[in-house]
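Here are my notes on the model you sent.

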Amino acid sequence: MVYKLRIILDTKEDIFRDVEIRDKQSLWNLHLGIKSAFSLMGDDLSIFNILDEDGIIVKSVPLEDMSDDGDGEIMSDVYISEVFEKPGDKIHFQYGFMDLWEFFCELVEIVDEKSVVNYPITVFRFGKIPLKAPSKTGAKPKKNGIVPLLDDDFPSFEDEYKSTSFEGEDDDDFDDDESFDDEEDFDDDED
C-alpha cells in the first residue's frame, strides 16, 4: 500500500506538498522525501515527533541515535505503517539546527502502489518555499542576528570616568629614595 501524506510548512502562508510513500518504507525515507519536496539543502539534524489525537507528543524519533547507551530508536527503525494508522493521523517534523524548518505531516489517504514509481515521490506542490526557515513569531529577524544593547543597560565610560575621584589616593613617589644597599637579595648563587 502507498500512503499519501500532506506535508505542511509551519508558516503564515499556505505552503504544502503531497508526498506518496510505501507503507513498508521508514521515517528515514520520509525524511528524504520531505527534503526533496521542499528543496532543503544540507545534512542537518532532524526529528519526527509522533503525536496523539490531541496533538501531544507521544514519542520522538531522531535521525541519529543521541542516547547515552546507544540503543535509541532512530528513523530507519520505524516504518510508515507504524506511525500512520488511519487518514487524519499527524506527525510533526523538524529539520535543521540554527534555521529550524517545521512541518506537519498528515495522512490524507491510502492508495494502491504503482509498480513503475520510485517512492517516496512528490505528487503535488502548492506555495513558494521561502529562502530561509520561517520564524515562529512572525517578526523580522535582526540583521546578522545582532540584538542592540539599550543605552540604559550599562553606564557610559565617560560618565563612569568623570564620577571617579582619584583624590586621597596615595601618591607613589617613584624617585629613587630607597637604596638597595643589601645586594645579597639580588646576587645569584655564585659559589
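In what order do the elements of the protein run from the N terminus on?

1. Overall fold. The order is β-β-α-β-β-α-β-β-β-α. That makes 3 helices and 7 strands. Please keep in mind that this is a predicted model. The protein has 191 residues, and 28% of them count as buried.

2. Helix H1. This helix covers residues 27-37. Is H1 enclosed or open? Of its 11 residues, 8 are buried, so H1 is largely enclosed by the rest of the structure. The buried set is Leu 27, Asn 29, Leu 30, His 31, Gly 33, Ile 34, Lys 35 and Ala 37. After H1 comes Ser 39, with a positive phi near 55°.

3. The cut-offs are under 20% for buried and over 50% for exposed.

4. Lys 4 and Glu 109. A search of the whole structure gives 7 salt bridges. One of them joins the side chains of Lys 4 and Glu 109, at 3.8 Å from N to O. The pair links distant parts of the chain: Lys 4 is in strand S1 (residues 2-9), Glu 109 is in strand S6, and they are 105 residues apart. Lys 4 counts as buried because its relative accessibility is 19%. Glu 109, at 34%, counts as partly exposed.

5. Glu 113 and Arg 22. Which parts of the chain does this pair link? The side chains meet in a salt bridge of 3.1 Å, N to O. Glu 113 lies in the loop between S6 and strand S7 (121-126), and Arg 22 lies in strand S2 (residues 16-22). The two are 91 residues apart. Both ends are partly exposed, with Glu 113 at 42% and Arg 22 at 26%.

6. The second largest pocket. How much space does the second largest pocket hold? The volume is about 290 Å³. Its lining has 16 residues, and Leu 51, Asp 52, Glu 53, Asp 89 and Lys 90 lie nearest the centre. Strand S3 (46-51), helix H2 (80-83) and strand S5 each supply at least two lining residues. By class, the lining has 8 charged, 6 nonpolar and 2 polar residues.

7. Surface patch. Which residues make the nonpolar surface patch of about 520 Å²? They are Leu 45, Met 66, Phe 97 and Met 98. Take Phe 97 as the example. It lies in the loop between strand S5 (90-95) and strand S6 (101-111). Phe 97 counts as exposed because its relative accessibility is 63%, and the cut-off for exposed is over 50%.

Note on methods. Residues numbered from 1 in each chain as written. Predicted model: local features only at pLDDT ≥ 70, side-chain atom pairs only at ≥ 80, totals over all residues. Heavy atoms only, no water. Patch = residues over 30% accessible without salt bridge, like charges linked within 9 Å, V, L, I, M, F, W, Y side chains within 5 Å. Areas by Shrake-Rupley, 256 points an atom, 1.4 Å probe, with all protein chains shown as cover. Salt bridge = Lys/Arg side-chain N within 4 Å of Asp/Glu carboxyl O. Helix = DSSP H or I, 4+ residues; strand = E, 2+ residues; numbered from the N terminus. Buried < 20%, exposed > 50% of the residue type's maximum accessible area, 1.4 Å probe, protein only. 1 Å grid on protein atoms, 1.4 Å probe; cavity = no way out; pocket = protein on both sides within 12 Å on 5 of 7 lines; lining within 4 Å. Points joined across faces, edges and corners; volume = space filled by probe spheres on them. Nonpolar A, V, L, I, M, F, W, Y, C, P; charged D, E, K, R; others polar.
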